[in-house]
Amino acid sequence: MARPRTFDEERVLTAAMETFWRLGYDGTSTRDLSAGTGLGPSSLYNAFGDKRSLYLRALRHYHETSTAEQVALLQGPGPVKDRLRRLMVRAVDADLDEAGRRGCFTINAAVEAATDDRDVRDLAARSFDQVADALHAALTDGRRTGEIRTAGDLRTLARRIQSTYYGLRVLGRVQRDRQVLLDTVESTLADL
């Protein structure tokens, strides 16, 4: 019979996610994970397996929280351009926060580990696809209401907006001028 856990699993996953997000997979040691989660190495690995297993769980946790929030913003009320603006400006502000400056955990994982790790690649692709589908649905709504007048395939347009959005997430790690990033947001929306 399995012993009951004596810790809050979601809190520990969030702490592990924050540690991996801040330091990257390769830069995170067992000591870092123990310090971040408050669990000793043996407790941590007894509960979650090895470092890679914990990393994959942390990446899934990010998908279930942050990616879900992104999709919720795109599915929310209001004009499509306002929803797109909220999505992008929220990311700009989060990425410019001096405490953060870490970008998007999924993008970081895709850049750092997806080339060599199929599971990381699959998890990142799942998150990216979910955001692309939500963008496509929002643009479809906008075309139906007449707000989106751009001709052409909406799936391609969704990928273009997604590329801009993810580019903002990367630029936000190094660009300190908020207005530069906001100009990109407004230029993207003006083209719709």
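**Exercise 1. Find which residues of helix 4 meet helix 5 in this predicted model, and sort the contact by residue type.**

Start on the helix 4 side: Glu69, Gln70, Leu73, Leu74 and Gln75 take part. Their partners in helix 5 are Arg83, Leu84, Arg86, Leu87 and Arg90. Now sort the residues of this contact by type: 4 are nonpolar, 2 polar and 4 charged.

**Exercise 2. Work out how helix 4 and helix 5 are oriented to each other.**

First take the geometry: helix 4 (residues 51-75) and helix 5 (residues 80-96) pack at an angle of about 150°, and their axes lie 7 Å apart. An angle over 145 degrees counts as roughly antiparallel, so helix 4 is roughly antiparallel to helix 5.

**Exercise 3. Compare the span of helix 8 with the expected one, then find what covers its buried residues.**

Helix 8 runs over residues 154-171, which is 18 residues. From first C-alpha to last it reaches 25 Å, close to the 26 Å expected at 1.5 Å a residue. Next, list its buried residues: Leu154, Leu157, Ala158, Ile161, Gln162, Tyr165, Tyr166, Leu168 and Arg169. Their cover includes helix 4, helix 5, helix 6 (105-112), helix 7 (118-145) and helix 9 (178-190).

**Exercise 4. Decide whether threonine 19 is buried or exposed, and name its contacts.**

Locate the residue first: threonine 19 sits in helix 1 (residues 9-23). Its relative accessible area is 2%, so threonine 19 is buried. Leaving out residues up to four places away in sequence, threonine 19 touches Gly24, Thr28, Asp32, Leu33 and Gly36.

Terms used:
Residues numbered from 1 in each chain as written. Predicted model: local features only at pLDDT ≥ 70, side-chain atom pairs only at ≥ 80, totals over all residues. Heavy atoms only, no water. Helix = DSSP H or I, 4+ residues; strand = E, 2+ residues; numbered from the N terminus. Buried < 20%, exposed > 50% of the residue type's maximum accessible area, 1.4 Å probe, protein only. Contact = heavy atoms within 4.5 Å. Axes fitted to C-alpha atoms, helices over the stretch in contact; angles between N-to-C directions. Parallel < 35°, antiparallel > 145°, perpendicular 65-115°, else oblique. Nonpolar A, V, L, I, M, F, W, Y, C, P; charged D, E, K, R; others polar. Expected span 1.5 Å × (residues − 1).
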